[in-house]
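Hi,

Here is the structure I promised to pass on. Have a look at it first, and my notes come after.

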Amino acid sequence: MAASSCRGVRSILWKYGSCGKNFCVSRSKTVPQLPVRHICVSSALWKKNLAAAGPQKFTLEFINKQVEEFEIGKRHLANMMGEDPETFTQEDIDRSIAYLFPSGLFEKRARPVMKHPEEIFPKQTAVQWDAEGRPFHFLFYTGQQSYYSLLHDVYEKILAMERHQDNMRNKGLFTSETKQILLTGSRWLLKEEIEEYLVENISDHDYMRMIQLMEKLLSMPYCSLEEEFILKFRKQLEVQSSKHEIPALQYDPQGVTFSVADGRRKTAKASITLRDSGSGNITINGRNYLHYFPLLQDREQLMFPLHFVGMLGRFDVEGSVEGSGHSAQAGALRLAISRALLSFVSEGEVEKMRQAGLLTADPRIKERKKPGQEGARKKFTWKKR
Amino acid sequence: MAAGVLSGVRQVLRGPRLVSAVFSCHGQTLSSASAAVKSAPDTAATEKILNFPLTQPDYFHLSELFTMKDLFEARVHLGHKKGCRHSLMEPYLFGSRLDIDIIDLEQTAEHLQRALNFTAHVAYRGGIILFVSRRRQFGQLIETTARECGEYAHTRYWKGGLLTNAPVQYSPGVRLPDLIVFFSTLNNVFQQHVGIRDAAKMNIPTVGIVDSNCNPSLIAYPVPGNDDTPVAMEMYCRLFKMTINRAKDKRRQMELLKGISASV
């Protein structure tokens, strides 16, 4: 063929398809046709436009084949390692692969991995219509079927509630003092959470409309009938004070209760042991606190949590601290003492301590120096010219 | 699939109608279903099932669904004020009384009969019907009607390229509606609904309830009538639901008979 002889030149025959020789033969028999047009095409045009293709799509059969291969491979791997194929878990797979293919690469994601295809191939939306092409959902052609179907359902419930209200009025049983839904301590789901629930993207305006519709549902007298539905869209707010981890009360051989807690501030790490039925002695790193902290400000920091709960003379404090400077060490010790105190103190007191800021770790650290500047914030001398 | 649905229907039903847009072929659906139907084995029985209803003027007996008195009692004849009148609606108006335009119910009955007949034939052949309206008063009613007859509805904000840019708006290989029924041809700012123009661009036939302030030109089967009163809208919804259900039941019946006769 003409094309095979010269690379990079593709001759596109105008009318008669393949071979040039055949072309000459048939040409003489018919009416004179248009001549062959040689169009030279460079190899750059043969390259696929990868950007236009979008993310790679995998067919269902391909994914199913991958799942089959994974299952078979898992059994082979179990046999290789001498383990039971039936009870071979993902952790065992990871362990075996790390053993068989030891990799010194730092990037964990670059190391050899054997996981279920569900975790490797990105999830694609299932086809939304049946074999005839008819979509499954009746609001498919709106583009946002889950969102609009939700609005439709909520409005349906509002209408049903109005009908119920009318029925009650007709029977003379209508009262405005009906059971109200408890809404304190919960909030509406955020836009991101709604998007996750609907598996669809919605705009801010759409989200606002949805919340307005739910509020309308809540404003009706008989809204308690749909309580379960409404609470699906509300998230309980966690009580902040319940998040604190209270250290366990431990007992000495002598029967003295004590608790141990840690604290950190800048790079200072402190560990405190609070012993009950003491007399207010504070020992840090084996030395008396008066010797260790000559500055009054640091000693005040140590005393603040005990003074706040009013148990200054009750405890014996034994602490060890290392790193950073005196002020940071004092701060670390204060946090450790407050945490240790949690096990001796009531729930209400815990909340008070939290509000006083005793239980919050100070997040401030030394800001890094940036290039082109003297320090973190200080700039070099500015010269006008 | 869509080509098979509508090509036969249009040849018979077009008749002496003077229609503004000529639909040569409805070939814009981008699914493989259309190709599949053409290659499907066309036995004599299937052909008979599909073609026989097209030879009858009122195969589904839709004339018994409504009378002119029903239309009058549903206040379908009430149009808007004389100042709102669209000049192209004048042939459909009976006159005006106390400044309110009265729609000619004889013409309405005729148009409605034709529209329902077309809808029934489309539903019989398994076409996708989309109900569209931008009136918030009746959105819920129309969506419920669509769900009950197994068809589709769009009573929300109409995004730009839903019909004209379908593979991007939905997914590649989506099948577009074969018929769009407008329960109100205007949108919320009293302009013509974008769907009418888009359907005409994509060669999708439309049925529309046109009030005295609407433009009936791009609609294939206009039905002059009131689109503001709840009674009228409920009547239209009921009528369309009954026609579609009737047509689908008839199709199921014919398929069953075919199955029985084939096994015999």
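Below is what turned up in the sheet and among the salt bridges.

First, some housekeeping. This is a predicted model, where local features need pLDDT of at least 70 and side-chain atom pairs count only at pLDDT 80 or more, while totals for chains, interfaces and linings use all residues. Residues are numbered from 1 along each chain as its sequence is written, chains are lettered from A and ligands numbered from 1 in the order in which they are written, and side-chain values use heavy atoms, leaving out hydrogens and water.

Chain A has an open, mixed sheet of six strands in the order 5-6-7-10-8-9 (strands are DSSP runs of E, at least two residues, and helices runs of H or I, at least four, numbered from the N terminus; two strands pair if DSSP finds at least two bridges between them). Strand 5 (250-251) and strand 9 (287-288) of chain A are at the edges with a single partner strand each, so one side of each has no neighbour in the sheet.

In one of them, A:Glu195 meets A:Lys191 at 3.9 Å, N to O; both sit in helix 8 (residues 191-198) of chain A, four residues apart. B:Asp178 and B:Arg175 make another, at 2.8 Å, and both residues are buried (under 20% relative accessible area, 1.4 Å probe, protein chains only).

Cheers

Conventions
A salt bridge is a side-chain nitrogen of Lys or Arg within 4 Å of a carboxyl oxygen of Asp or Glu. Buried means under 20% relative accessible area, exposed over 50%, partly exposed in between (1.4 Å probe, protein chains only).
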